[in-house]
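Q: I'm new to this one and would like to go through it slowly. Could you take me through the structure as I ask about it?

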Amino acid sequence: MEQFVSLDFVSTVSLKADFFAQAIDAYLSGAGDIKIVSLILMMLALLLFLFLIIIIYIRNIIFFVKSNNPQKNIEDEDDKLINLFNEDEQLELEKELQKELDRALAERREKEKQAEEQEKQNKEKEQEKERDKKEKNEQKKQKKETALTKNAQENHKRIKEPVIDLDWKKGRIPPADLVSLPTEGVSLSYQQNRRELNQLLGLVIDMLGRGVDDLKIAQTVNYKTQGITDENEILKIIDAVKQFISICVSGKFVHLEKYASLPGEEQALYHLANGDPSLALALLEQLMDENIDKANVSASEEKRQRLYDDVSGYACCFGSLAEINDIMLATSAYELAIELRSVNVVAWSRLGDVYKKANSTSKSVWAYQNVLNFADGEIDIAEIANANKSLSEHLYAEGNSLQAAKLYNSAKQYYDSLGINRRLDKQELEIIEIIENNSKASLPDTIRKLLSEQGKKRS
């Protein structure tokens, strides 16, 4: 069809060429110079047109030859087959690679699973060892606690129904295991701490007279001792001073038979403020003696026990003030307090303190254990904290660091809650400085103010 179209196109061109030739002959028959130039230009245009026609014709012939060439078609088909073969081979290769990858992943997962199982087994073994260790420690702990409880129960039975020897002079005899102690070494360390508290007793009484609360006073004393005095010692001396003032205000000394021969309360407080507790101890001793005598002659068991309980409390105050200068006398006072009232938790706590200072470890542990046995968790919080702190030191020395840490943290939480170790701010320090500077001058008026209620009772 393309061939037919090409031949028809050539015949048409030939007819057109004949027509142009006749036109040119007619035109040239009357042409001048200008016509000759025009003719030449027309001939050039015709030649260009024919050249274009030839190029188009040659292009059509080449296209026709290519379209009817079977060898070229075969090569194209071969290329297609080769491409298909390459694609199949590539797909197979990809499948093989995917299989290898899946196999490697499966092996890796299996190894990871085995490693996890091994690690799990190792952890279980470690946990089992830890459980065994804990069980052994618990068994040891239970044995120790059982032994301590048994010992405490035996001592409690011994103390619960005591054969009370109320000879106060015998109460002054120090414990047997304290007599042989190197008292010089003990007194040096003890006196150093006591001297510092001793120097601060006037400040304590002055602040009590100004209505300052106990915890703020304790915080002040802790600051003045630069934190080297135990929190319990500070709280104990403040409590003892307050208790002595309370006994004075209640008028109990006034009603003593030998009151006329005793130092006055105001004088005793003034000496105590200057670090000398001897006059206060003389008043307390006479008060205890007369109450013990009354209890001995009383026909009422209830009244006798009430008097013994009162004397047990006075003995704790006596012991705390006596600790300032005489640890042996303090020890005897606490032992008397327990002898009269075996469940006196305060006395057990303070007895443990003096045994601890005297390096009588077994007795101090026994005393602190009785604190925990007899204490009321809501009332005797301070005594429980003191016992826990001291027992933690003993347990740590024995190697039981875990239990020691628990007891120590329990005690620390209590003291932290009081704020006794909190630093004083600038304004508080300035106020304390003013109080301390005026303490000596204002001390007599402060003491009279503290005892003013007693004066009202006398009148």
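**Confidence and contacts**

A: This is a predicted model, and its chain averages a pLDDT of 78, with 74% of the residues scoring at least 70.

Q: Where does pLDDT stay under 50?

A: One such stretch is residues 1-5, for which the model has two contacts beyond four places in sequence. Another is residues 454-459, where pLDDT also stays under 50 and the model has ten contacts beyond four places in sequence.

Q: OK, switching to charges: how many salt bridges are found in the whole structure?

A: The search of the whole structure finds 19 salt bridges. One of them pairs Lys-216 with Glu-428, whose closest N and O atoms are 2.8 Å apart. Lys-216 belongs to helix α7 (residues 214-224) and Glu-428 to helix α17 (residues 426-450), so this pair ties together parts that are 212 residues apart in sequence.

Q: And is Glu-428 buried or exposed?

A: Glu-428 counts as buried, because its relative accessibility is 17% and the cut-off for buried is under 20%.

Q: Which residue does Glu-231 meet in a salt bridge?

A: The side chain of Glu-231 meets that of Lys-389, at 2.8 Å from N to O. This pair also links distant parts of the chain, since Glu-231 is in helix α8 (residues 231-250) and Lys-389 is in helix α15 (residues 381-398), 158 residues apart. Both Glu-231 and Lys-389 are buried.

Q: Which residues do salt bridges with shared partners join into one network?

A: That network consists of Glu-233, Lys-236, Glu-323, Asp-353 and Lys-357, joined by salt bridges that share partners.

Q: Last topic, helix packing: at what angle do α7 and α8 pack?

A: The two helices pack at an angle of about 130 degrees, and their axes are 10 Å apart. That angle makes α7 oblique to α8, and α7 passes α8 in a right-handed crossing.

Q: Which residues make that contact?

A: On the α7 side the contact is made by Asp-214, Ile-217, Ala-218, Val-221 and Asn-222, while α8 contributes Ile-234, Leu-235, Ile-238 and Lys-242.

Conventions:
Residues numbered from 1 in each chain as written. Predicted model: local features only at pLDDT ≥ 70, side-chain atom pairs only at ≥ 80, totals over all residues. Heavy atoms only, no water. Salt bridge = Lys/Arg side-chain N within 4 Å of Asp/Glu carboxyl O. Helix = DSSP H or I, 4+ residues; strand = E, 2+ residues; numbered from the N terminus. Buried < 20%, exposed > 50% of the residue type's maximum accessible area, 1.4 Å probe, protein only. pLDDT = per-residue confidence, 0-100. Contact = heavy atoms within 4.5 Å. Axes fitted to C-alpha atoms, helices over the stretch in contact; angles between N-to-C directions. Parallel < 35°, antiparallel > 145°, perpendicular 65-115°, else oblique. Left-handed = near helix turned anticlockwise from the far one by under 90°.
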